[in-house]
Amino acid sequence: MMDPLLDIENLWVRFPTRQGVFDAVRGVSFTLGRERLGIVGESGSGKSMTGRAILRLIRPPGRVEAEHIKLDGVDLLQKSEKEMRDVRGERISMVMQDPKFSLNPVMTIGDQIIEAYRLHNNASKSEARSKALEMLGAVSIRDPERVMRAYPHEMSGGMGQRIMIAMMLIPNPQILIADEPTSALDVSVQRQVLDIMDRLVKERGMGLIFISHDLNLVADFCDRVLIMYAGRIVEVCDADKLHDAQHPYTRGLLNSLPRLDTPRDRLDVLERDPAWSDASSVSGRI
Amino acid sequence: MSMLNIEGLNVWFGRDRDRVDAVKGASFDVGTGESFGLVGESGSGKSTILRAITGLAPTWSGRITVDGRAVEKARPRAFYKQVQMVFQDPYASLHPRHSVDAVLAETLKLHGFTDIDARVAKLLDDVGLGQKFRFRYPHQLSGGQRQRVAIARALAPEPQLLLLDEPTSALDVSVQAEILNLLADLRQGHGLTFLMVSHDLSVVGHMCDRLAVMKDGEIVEVMDVAALRAMKATHPYSQHLLQASV
Amino acid sequence: MADMTLRQWLLTDTPTSRRHAKLSALYQGWLAFRSNTMAMIGLGILLLLVFIAAAAPLLAPHDPFVQNLGNRLAPLGSEGHLLGTDSLGRDILSRLIYGARITLYIVALVALIAPVVGLLVGTVSGYVGGWVDIVLMRITDIFLAFPRLVLALAFVAALGAGIENAVIAISLTAWPPYARIARAETLTIRSSDYIAAIKLQGAGGLRIITKHIWPLCISSLIVRVTLDMAGIILAAAGLGFLGLGAQPPSPEWGAMISEGRRFILDHWWVATMPGLAIFTVSLAFNLLGDGLRDVLDPKAGE
């Protein structure tokens, strides 16, 4: 096995509140190779916080603590805020749920991509422009010239998300963190966006962390899955074996989904066992 | 016997050059006690049909008949005693400064009930919340609990027809299962008729008896859930939707 | 539960009655407010001001109107006159203490009139829309188009000088921004799902505006009014300074500055002391407003 791209040991995210310290992520460890790693869980399970913590994007008073968060063997926690800025985008990129909030509404898409490119590369304007066109082509946008001139509000959700992915890939990052990238999209568009992400990750040998609440989607799309509950990893399994998962929480989630092929009068309701949140986190290291 | 009949419904927004036709010539019929689904992707006009029925989308033409009576443009309060709606986002559908008690009590008062205290208590039991939630504010409730309050509010006037606008799409799957079970129980217990909008075919397959598939404001196909389960859609767009969601 | 402390009772997740829920919400707000030191300082200063105004006859060392021409323009710390005396030999400290009453009176009246007018105009305009909106907003624009003090001057000139007329003039010029804020808030609230939901219960416009829109607008108006209070005190002082507000010998702080202006080079304290008083109270209102914003803003609070 190759050295992992990302190696996280004992990650905690803590928020002080009036009632005491709230731990959003509690002792999570995992590694990421050149693979598609899914993190699934319900709202409040700490899955998004884990993604943000890797980039140290937790706003104060929240705190990130860990043994280490190693990117290619270098601990991100030891870096200064200035050095982190080079890591964000340059080496680890993040795609958020709603592209509308991530794009500048008063700049054309072309200008934004060109600016992003020139921020990371010492390139002339025309060079950046041809690169931007190439990127838009890479995310299967048919008429990139027209899209370059458009403003974000003129784009559909699926288009916007593809543009976001294109922008995130410009600096050639090693890792892409996608936080619910398709949950605001219609099912048919969802598929296309996933296919694009899949292709790019494979072609460039990137690592992908795919954060989602959708078990079926993750089972379909990822190689390996971490299931999170109450800030901990409760189960780690190969994505194609997700439907044979062992942990009662994972089983409960799977059974609570309505299915077209097996009609039932009532859906199974997840019975939460307090022991799940007290048990220690399962390691997702390889 | 039909609880809701829609014939040639057109709904549009804006005027002249800015006019957008959200629903074009939609017709369908929902029998008393039936559960009917409307599926389609975003922008297909499925939610707009619900808003036209309730009067929240004022510009429409065609015929809407509820329980044998044609719906006029101006709806009397009696109409809202018959037809109620549950909204998609429980975080947006409750007034942030009103406690659960205030929400339910005001609704009951508006519909002319007098035994408000007893009814609030009963509504909370009906939706499985119980009395300890009675004086909480929305920010003290989880998404699922909020949606239960919204359902209780819709049940307060004792309606016959309940319009459900993606009632679980903002919720986690385990909470979705609880809410869907609750809705199924309520339908049975109160003899309700459901018109449910969803983008999720498996949810509609679970909850409904029949469904209509919408695309670009038009109904392209009306079918039985049995046909949906057997993947026997006839229209190519419905087939495409089915393929994508399995 | 007999062994429950008052604090636990107030902080419970499961209130047992309407009153309990209200008190609990208030207490949580108070806790949030209390943790803001600067806002507490502001509140402290203002409570002190209220106390001073209420107890003025007990606190003031002299009668604020008694003149003593033999002891005019006494400096700071002179015997019996801690803050000195003015051009007519009146004790400045006593005048400041009595002046607190006038300041509070102005502030209270403006705070009652301007935001209420603004709230009414703004919410009706925003909710009803159409030509009502157009007419009301154009009127608002007309008021906004004049500099505030100039407009207040014009009103006072028309109504006659005096403290009541100054208050009316300031209120008349202060409401348009509140109407704008209330209208903007109403526009976003109007299209929300919870308003749609109450419409589906057959609620009419009046009920929706008063019971559903007002409670959400009021908090941002309170914050805005508190932050504007400094400006209102300054406007009142400005009118007093120009001789169009409180009339001599009334110990209004602005009028006091105006009187002291003639001696500002040789006897600086005569104008400076009331200036410091205005500054302190304005600052207190600003601090309080900042704190209230943290507590009352529903967007940040949840």
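Modeller: Let us begin with the word domain, whose bounds come from an automatic or database domain assignment. Please keep in mind throughout that this is a predicted model. In chain A, the assignment gives domain 1 (6-91 + 175-278) and domain 2 (105-170), and the centres of these two domains, taken over C-alpha atoms, are separated by 27 Å.

Colleague: What makes domain 1 of chain A and domain 2 of chain A count as being in contact?

Modeller: Contact requires heavy atoms within 4.5 Å, and in chain A 15 residues from domain 1 and 12 residues from domain 2 take part in such a contact. Between them the two domains bury about 1,100 Å², with 64% of it on carbon and sulfur atoms. On the domain 1 side, A:Ile196, A:Leu200 and A:Arg204 supply 34% of the area buried against domain 2, more than any other three residues.

Colleague: How many salt bridges and how many residue pairs in polar contact are there between these two domains of chain A?

Modeller: The count of salt bridges between domain 1 of chain A and domain 2 of chain A is zero, whereas two residue pairs are in polar contact, both residues of each pair being at pLDDT 80 or more. Helix 7 (residues 187-204) of chain A gives the most to the side of domain 1 that touches domain 2, with eight residues. Sorted by class, that side of domain 1 of chain A has nine nonpolar, two polar and four charged residues.

Colleague: Turning to chain B and chain C, why is the pair B:Glu106 and C:Arg207 called a salt bridge?

Modeller: The term asks for a side-chain nitrogen of Lys or Arg within 4 Å of a carboxyl oxygen of Asp or Glu. The closest N and O atoms of B:Glu106 and C:Arg207 are 2.8 Å apart, and therefore the pair meets the cut-off and is called a salt bridge. The count between chain B and chain C is one salt bridge, while nine residue pairs are in polar contact across this interface.

Colleague: Which helix of chain B gives the largest share of the side that touches chain C?

Modeller: Helix 3 of chain B does, with five residues. By class, the side of chain B that touches chain C has 11 nonpolar, eight polar and 12 charged residues.

Colleague: What area is buried between chain B and chain C?

Modeller: About 2,700 Å² is buried there, and carbon and sulfur atoms give 56% of it. B:His95, B:Arg97 and B:Phe135 supply 24% of the area that chain B buries against chain C, more than any other three residues.

Notes:
Residues are numbered from 1 along each chain as its sequence is written. Chains are lettered from A and ligands numbered from 1 in the order in which they are written. This is a predicted model: local features need pLDDT of at least 70, side-chain atom pairs count only at pLDDT 80 or more; totals for chains, interfaces and linings use all residues. Side-chain values use heavy atoms; hydrogens and water are left out. Buried area is the accessible area (1.4 Å probe) that two parts lose on being put together, summed over both. A polar contact is a pair of N or O atoms within 3.5 Å; within protein, one must be able to donate a hydrogen and the other to accept it, and residues adjacent in sequence count only if both atoms are side-chain atoms. Helices (H or I, at least four residues) and strands (E, at least two) are DSSP runs, numbered from the N terminus. Ala, Val, Leu, Ile, Met, Phe, Trp, Tyr, Cys and Pro count as nonpolar, Asp, Glu, Lys and Arg as charged, and the others, Gly among them, as polar.
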